[in-house]
Amino acid sequence: MTEVDLEDLWENAPSGNAIAHPNGRIIRANTTLANWLGYDRNSLHGKSITDLLTVGGRVHYDTHFRAILRMSGKLDGVTVDFVTADGARIPIFLTANLKYAADGKPHLLRITAVDAKDRRSYERELLAQRERAETERSRVQAFAETLRRSLLPPLLAPPPGLDAAAYYHTASDDDVGGDFYDLFPLSRTTWGFFLGDVAGKGVDAAVVAGLARYVLRSAAVADHDPVKALHVLNSVLMQDVEVGGNRLCTVIDGYLTRCGDGFDVELASGGHPPPLLLTAGGSAHYADTIGGYATGITDNARFVANKFHLSPGDTMVLYTDGLTEASTGVGHQRYDDEGALLAFVDARAPATADTVVDALKELLTSFGSGVKDDAAVLALGVPAST
């Protein structure tokens, strides 16, 4: 390469270059730097590098950058603003290093400046995009929370002589599952309840959950028969073309009727995990509801019914599979693969509705990110006799 080529590379490099004394006085600057700053190239000779900086930049250079140069001999990619001849500001990435003489003392200061206008614009746009994304995420989370609230009763108001507690565990703040439950009066002595889970997540699942909640409430008013209520729900889901692939829904539907010092329970299951019964005697077992079909699969669905009595000290617990299928963190093992849930509540029986729900809430929280799907828990119990 000829000398002319080297000179051209120096003068017209894509970066602004300068050589200065160790104290920062410029000895030579290239044409690129002079053009950026609006100076004649020779007029930069003798200026201090700090003369090209803003007031704040000078303070920062004198108190921080100069010390770094003295200690390490180099300055890597710091951001400063250069001031042009007409007073405008140019964002710059500044890199510098020292050349040392034979006696080890600083001899020359090499300076390279890179125009950072595009980078600054990129960073501002990146920041704006992040702010927009955070705003959008906040909107998504608010929308998801609104959908979740619409699927759940604003409060549980059980009949006198019955305690009720519920908990809804959200697997993701940004999405909504299809879990739902309710407890509502039908007469002075009878109350309806249900708990269900729609396949999938998102708005479609929430829409089907809302539809199921409305249908089950309406069916309960028309006829106090949980099996008939599930058949009504199944017919609606099979006929509604709008629900598409989210039509599958598992559900427990039932009625509580005051009887003596407790409540008779009549319920039916559509493919849902069986209820847990905690007895006053200190044991726990599953209610027999195995064998029913989930609603929304076939026109010829079969549902399983069961009847039992809740005496003082007894508690019934309904739950969705977000609990039983939570990951334990051990391989692909799910929490209830080997009967852990029954053992968990059996060790706590007898327990009030509040006590067992609080325990299950702590259990779900302990799984952390292992809870892959929303989980709902509803407990109904008769207070123990005093």
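A salt bridge is a side-chain nitrogen of Lys or Arg within 4 Å of a carboxyl oxygen of Asp or Glu. In this predicted model, the side chains of Asp223 and Lys228 meet in such a bridge, at 3.2 Å from N to O. Both partners are partly exposed. Asp223 has a relative accessibility of 31%. For Lys228, the relative accessible area is 47%.

Salt bridges that share partners also join Glu7, Glu11 and Arg28 into one network. Arg28 lies in strand S2 (residues 26-29) and Glu7 in helix H1 (residues 3-11), so the pair ties together parts that are 21 residues apart in sequence. Arg28 is partly exposed, with a relative accessible area of 30%. Glu7 is partly exposed as well, at 33%.

A further salt bridge links the side chains of Asp81 and Arg89, at 4.0 Å from N to O. Asp81 counts as buried because its relative accessibility is 19%, and buried means under 20%. Arg89, in contrast, is exposed, with a relative accessible area of 58%. Across the whole structure, the search finds eleven salt bridges.

Asp163, Asp354, Asp358 and Glu362 form a patch of negative charge on the surface. Helix H9 (residues 353-366) gives the largest share of this patch, three residues. Asp358 is found in helix H9. This residue, Asp358, is partly exposed, with a relative accessible area of 45%.

Technical notes: Residues numbered from 1 in each chain as written. Predicted model: local features only at pLDDT ≥ 70, side-chain atom pairs only at ≥ 80, totals over all residues. Heavy atoms only, no water. Patch = residues over 30% accessible without salt bridge, like charges linked within 9 Å, V, L, I, M, F, W, Y side chains within 5 Å. Areas by Shrake-Rupley, 256 points an atom, 1.4 Å probe, with all protein chains shown as cover. Lys, Arg positive; Asp, Glu negative; His and termini not counted. Charge placed at Lys NZ, Arg CZ, Asp CG, Glu CD. Helix = DSSP H or I, 4+ residues; strand = E, 2+ residues; numbered from the N terminus. Buried < 20%, exposed > 50% of the residue type's maximum accessible area, 1.4 Å probe, protein only.
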